[in-house]
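Hi,

Here's the structure I promised to send over.

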Amino acid sequence: MNRFPALTAYAAILLALTAPLPARAQSRPAGSRVVVAYHNDFSRQAGKEWSQPTVARSPNDSASLLGPFGGETVSLSLTGLGKHAMVRLSVDVYAIGSWDGSAKTYGPDIWQIAVHNGPVLLRTTFGHKDHSREGQAFPGEYPEDQSPPMSGAMAVNSLGYLWQDRPTDATYPLTLTFPHSGETLRLDFSAVFNTLGKDDESWGLGSVRVELLDRPEPLSQARLARLWELLGDEDAGTSFWAMWALVGAGPDAAKFLDGQLTGKLPPTREVRALIAQLDDVEWNKREEASKALAAYGAVVKPELLEAAGSVSLEVRSRVEELLRTANQKSSAGEARRLGRAARALRLIRWQEPPLPTTVPATAPATQPDREP
Ligand SMILES: [Ca+2]
């Protein structure tokens, strides 16, 4: 079983980030001021901060959870947050039942966290080893990343949920730190399953903690450079957690990434215009936009991920194909690095330009709604 590879990678990165500092850097200010804005392990109840405050005990009575939920959106709304620069979200996700990962048959089974009216923080798939021979996107993002089923799981079959009389659950711990300074925060957790029966897959949250940090995590130039290397790591989880370490470093990391990506990023407005053109009434125009986006390669992944939840089946179908093939323009490691770097930049700067309303993860695109 692949229980710990992503955790190991994440631990290695954390270790690298917390290793003793050279003497010159030790004069920097002490750690961030951290305020716990919200914490619930659901052992008692969930309040009106949740759009669906349903709590349960796991069948073997080993854990409490918010849920279980199906293919729906569940929101956490926090208000009166006070002054802060960053939010650190820690959550244990329970994937319950026959999750099929990124499989084309019975899948993909997609799970997502988004900031309402803000960025998609994570759009991934989970797969149970008994159901997902094609693997899953976690620890990474769907559809570009691929890892063995249950990669990054902290525990497997520990909750007592059964699917056709066999134990079928996995627990995924997540910690994501991102810039946020508003008085209110709404997080949308959602899933979309490709499923035959409504009880095939479900999900729950085992623990949710939201902390407010007064500043980003400072990183030395040497550590920024090391994370730049790790962004292109062949292990999807290592690359994924390196991206999140950069996002947690905020403006310093953005400045560093700007330097690395000079001349490589097309104007966002142009990319968004091309994505809008993917839904043109004329097939020729849609094809033209697909080809232009494909030519940019991995650096347009942030915009493609934003469009992956589009209401248009045609756009979703074309975007998923572009995300799948975005790595072909350059070597896999370089493409992964560029895609992650562009995405880190977008996540760091999401509060600067207004973003369109985030839509929940939508049903997977299987058939275009218009024929050529
Ligand atoms: Ca499924």
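Before the helices, one bit of bookkeeping: an axis here is a line fitted to the C-alpha atoms over the stretch in contact, and angles run from 0 to 180 degrees between N-to-C directions. Also keep in mind that this is a predicted model.

The overall picture, quickly. The chain has nine helices and 13 strands. Of its 372 residues, 48% are buried. If you take the contacts between residues at least 6 apart in sequence, 74% of them join residues at least 24 apart.

Helix α3 (residues 236–248) packs on α9 at an angle of about 30°, and the two axes are 9 Å apart. Angles under 35 degrees count as roughly parallel, and α3 and α9 are therefore roughly parallel to each other. Their crossing is right-handed. On the α3 side, the contact is made by Ser239, Met243, Leu246 and Val247, while α9 brings Arg336, Arg340, Arg343, Ala344, Leu347 and Ile348. Sorted by class, that contact has six nonpolar residues, one polar and three charged.

What about the angle between α4 and α9? Helix α4 (residues 251–260) crosses α9 at roughly 140°, and the axes come within 10 Å. That makes α4 oblique to α9. The crossing here is left-handed. In α4, the residues involved are Pro251, Ala253, Ala254, Leu257 and Gln260, and they meet Ala341, Ala344, Leu345 and Ile348 in α9. By class, the α4 contact with α9 has eight nonpolar residues, one polar and no charged ones. If you're clicking through α9, stop at Ala344 and Ile348: they're listed in the contact with α3, and they turn up again in the contact with α4.

On to the strands, starting with β13 (residues 201–213). Ten of the 13 residues in β13 are buried, so this strand is largely enclosed by the rest of the structure. As for its partners:

- β5 (residues 86–97) runs antiparallel to β13, with twelve bridges between them; Ile96 stands opposite Ser202 of β13.
- β1 (residues 34–40) is also antiparallel to β13, joined by six bridges; Asn40 has Val208 of β13 as its bridge partner.
- β3 (residues 64–69) is antiparallel to β13 too, through two bridges; here Leu66 sits opposite Leu205 of β13.

There's also a separate item to look at, an open sheet of four strands, in the order β4-β12-β6-β7, with antiparallel pairing. Which strands stand at the edges of this sheet? They are β4 (73–78) and β7 (120–125); each has a single partner strand, so one side of each is left without a neighbour in the sheet. From one strand to the next, the twist averages 10°. The partner of β7 is β6 (residues 110–115), and the two pair antiparallel over five bridges.

Cheers

Terms used. Residues are numbered from 1 along each chain as its sequence is written. This is a predicted model: local features need pLDDT of at least 70, side-chain atom pairs count only at pLDDT 80 or more; totals for chains, interfaces and linings use all residues. Two strands pair if DSSP finds at least two bridges between them. A residue is buried if 20 or more other C-beta atoms lie within 10 Å of its own, exposed if 12 or fewer, and partly exposed in between; C-beta atoms are placed from the backbone. Two residues are in contact if their C-beta atoms, placed from the backbone, lie within 7 Å. Angles under 35 degrees count as roughly parallel, over 145 as roughly antiparallel, 65 to 115 as roughly perpendicular and the rest as oblique. A crossing is left-handed if the near helix is turned anticlockwise from the far one by less than a right angle, and right-handed if clockwise. Ala, Val, Leu, Ile, Met, Phe, Trp, Tyr, Cys and Pro count as nonpolar, Asp, Glu, Lys and Arg as charged, and the others, Gly among them, as polar.
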